[in-house]
Each structure stands twice: as structure tokens, then as C-alpha cells.
Amino acid sequence: MKKGLFITFEGIEGCGKTTQMNLLAGYLKKEGASVLKTREPGGTKIGEKIREILLNPDNKKMSKETEMLLYGASRTQHIEEIIRPALKSGKIVLCDRYADSTLAYQGFGRNMGVSFIKKACPLSLGSIQPDLTILLDLDVKTGLSRIKNRKGGNDRIEKEKIAFHNKVRKGYLKLAKTSRGRIKIVKADKEIDEIQKEIKDIVIRKLRSKE
């Protein structure tokens with residue numbers, strides 16, 4: 001591949017996207033691909049500091065506008081420092097969350113609206129669109145039960161009420177309907193190996209279409 005491939009993983013809390021991304025990275029590396037794993041918010045030194053602010057449970061007074069802009073700031077740094085150079089060098093970039101998270105969590109979860117975010121702060125969504133997005137869909141109660149006893153406790157977003165998380169899930173599904181070519185829904189209520197096989201098949205088809 002002369003050009004890189006940008007694959008993002010999305011979904012509600014506890015859907016298993018990080019596990020699935022790591023498994024895919026291992027498979028692709030065994031097949032000889034040059035792979036870069038990263039995450040949002042974070043991915044850079046600056047981004048990781050922003051992540052600490054965003055996810056700190058003590059920051060209860062953070063406004064939804066501040067939240068959106070901080071995610072956008074982390075993403076902008078991430079793109080320029082990590083993602084764009086990696087894609088230019090021909091790597092397959094796997095990212096744990098990206099712009100769809102902003103639309104799902106702030107647009108739907110915080111009731112800011114997708115159109116508002118796109119018009120008011122398009123930079124917050126990034127200047128690069130993924131080639132493929134894997135959306136791991138899971139019932140909210142199941143997802144939250146998986147992270148209930150997470151080591152170190154739950155972060156500020158994970159501590160939100162179930163109604164918020166339900167809006168986020170519905171938002172993701174709405175986004176998937178409007179971007180069927182890019183966003184592929186994978187049910188996350190199956191065995192880990194079964195989910196990974198489905199993801200591999202999707203990614204292999206995408207790679208072949210790029211050859």
C-alpha cells in the first residue's frame with residue numbers, strides 16, 4: 001500500500017473496542033503490515049494531559065462546550081503529530097475513538113446537536129476522515145456492568161447516568177445509518193473471538209478494495 005489506512009473503533013463504555021483493536025493490531029502485524037495503535041483523547045503528550053482533565057471525576061463543573069473544545073484540541077494535536085505522518089508513511093493507523101465520539105457523546109449525549117458542532121466548530125472533528133469505522137454495538141446496561149469494578153474506578157464520562165449513555169448509543173446508530181459506507185456495525189454481545197473474526201473480515205475486504 002502506497003497510502004496508509006485509517007481505521008477507528010467506536011462504541012459505548014464497556015463495548016470491548018480496545019480489546020478488539022489490540023487483537024486486530026496483532027493479526028495485521030503477523031501478516032506483515034506496519035501498524036500504529038493510538039487513542040483519543042490522548043495519543044500525544046499534550047493530548048494525554050488533556051485526557052486527564054476531561055476524564056477526571058473531580059471536574060464536575062466542566063461545561064459541555066468546554067468538553068467539546070478540549071476533545072477537539074486533543075484531536076487536532078493528535079492528527080498533526082501522529083496520525084497524518086503515519087498515514088503518509090503508509091502505515092495502518094488504528095485509533096480507539098475519534099470524531100464520531102464527539103458527535104455521539106457531545107452531539108447526542110449532551111444534546112448539542114450534530115449540525116451545531118459541524119457548523120460551530122468543524123475543526124473539533126478533525127481534518128482527516130477515517131477510511132473505516134468499526135462500531136461495536138452493545139446494550140448500555142451490559143456495557144456499564146462490564147466496567148462496574150474497573151481498576152482505579154470509573155472516569156467522569158463513565159460515571160454519567162444511564163440516560164446519557166442510552167442517548168450516546170442511539171446517536172452512534174444514527175451516525176451509522178448516515179455513513180453506511182464507512183461505519184460498520186458489529187454486535188458486541190458475542191464471544192471475543194467471534195467478534196474479532198467479523199472485524200477481520202470487514203478489514204480484509206477494505207484492504208483488498210484499496211489494492
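1. Exposed, as used here, means over 50% relative accessible area, and buried means under 20%. By that cut-off, Lys 45, Lys 49 and Glu 52 of helix 2 are exposed. The model is predicted.

2. The opposite side of helix 2 deserves a look. Helix 2 spans residues 45–55, and Gly 47, Ile 50, Arg 51, Leu 54 and Leu 55 are its buried residues. Seen down the helix axis, these fall within an arc of 120°, so they line one face. An α-helix has 3.6 residues a turn, so residues three or four places apart point the same way. The cover over the buried residues of helix 2 includes strand 2 (35–39) and helix 3.

3. Now the overall fold. The protein chain holds 8 helices and 5 strands. From the N terminus on, the order is β-α-β-α-α-β-α-α-β-α-α-β-α. Along the principal axes, the C-alpha atoms fill a box of roughly 50 × 35 × 35 Å. The radius of gyration is 16 Å; a compact globule of 211 residues would have one near 17 Å, so the two agree.

4. Of the 211 residues, 47% count as buried. Among contacts with a separation of 6 or more, 77% are between residues 24 or more positions apart. The chain exposes about 11,100 Å², and carbon and sulfur atoms supply 51% of that area.

5. The largest nonpolar core has 56 residues. Ile 7, Phe 9, Leu 94, Ile 134, Leu 136 and Ile 199 have the most contacts inside it. Helix 3 (residues 64–88) gives the largest share of this core, 6 residues. In soluble globular proteins, nonpolar side chains tend to be buried together.

6. Ile 82 touches Leu 36, Gly 43, Thr 44 and Gln 77, not counting residues up to four places away in sequence. Ile 82 and Lys 45 are 37 residues apart in sequence, and their C-alpha atoms are 11 Å apart in space.

7. Asp 100 sits in helix 4 (residues 99–109). Beyond residues up to four places away, Asp 100 touches Glu 10, Thr 133, Tyr 172, Leu 175, Arg 182 and Ile 183.

8. A cis peptide bond joins Glu 40 and Pro 41, with omega about -10°. Pro 41 lies in the loop between strand 2 and helix 2.

9. Arg 97 has phi near 80°, a positive value in a residue other than glycine. The residue is in the loop between strand 3 (92–96) and helix 4. Arg 97 is buried, at 11% relative accessible area.

10. Asn 111 also has a positive phi, near 60°. Asn 111 is in the loop between helix 4 and helix 5 (114–120). At 53% relative accessible area, Asn 111 is exposed.

Note on methods. Residues are numbered from 1 along each chain as its sequence is written. This is a predicted model: local features need pLDDT of at least 70, side-chain atom pairs count only at pLDDT 80 or more; totals for chains, interfaces and linings use all residues. Side-chain values use heavy atoms; hydrogens and water are left out. A nonpolar core is a set of buried Ala, Val, Leu, Ile, Met, Phe, Trp, Tyr and Cys residues joined through side-chain atoms within 4.5 Å. Buried means under 20% relative accessible area, exposed over 50%, partly exposed in between (1.4 Å probe, protein chains only). Helices (H or I, at least four residues) and strands (E, at least two) are DSSP runs, numbered from the N terminus. Contact means heavy atoms within 4.5 Å. The arc is that of the directions from the helix axis to the C-beta atoms. The radius of gyration is taken over C-alpha atoms; the globule rule is 2.2 Å times the number of residues to the power 0.38. Accessible areas come from the Shrake-Rupley method with a 1.4 Å probe; for residues, only the protein chains shown count as cover.
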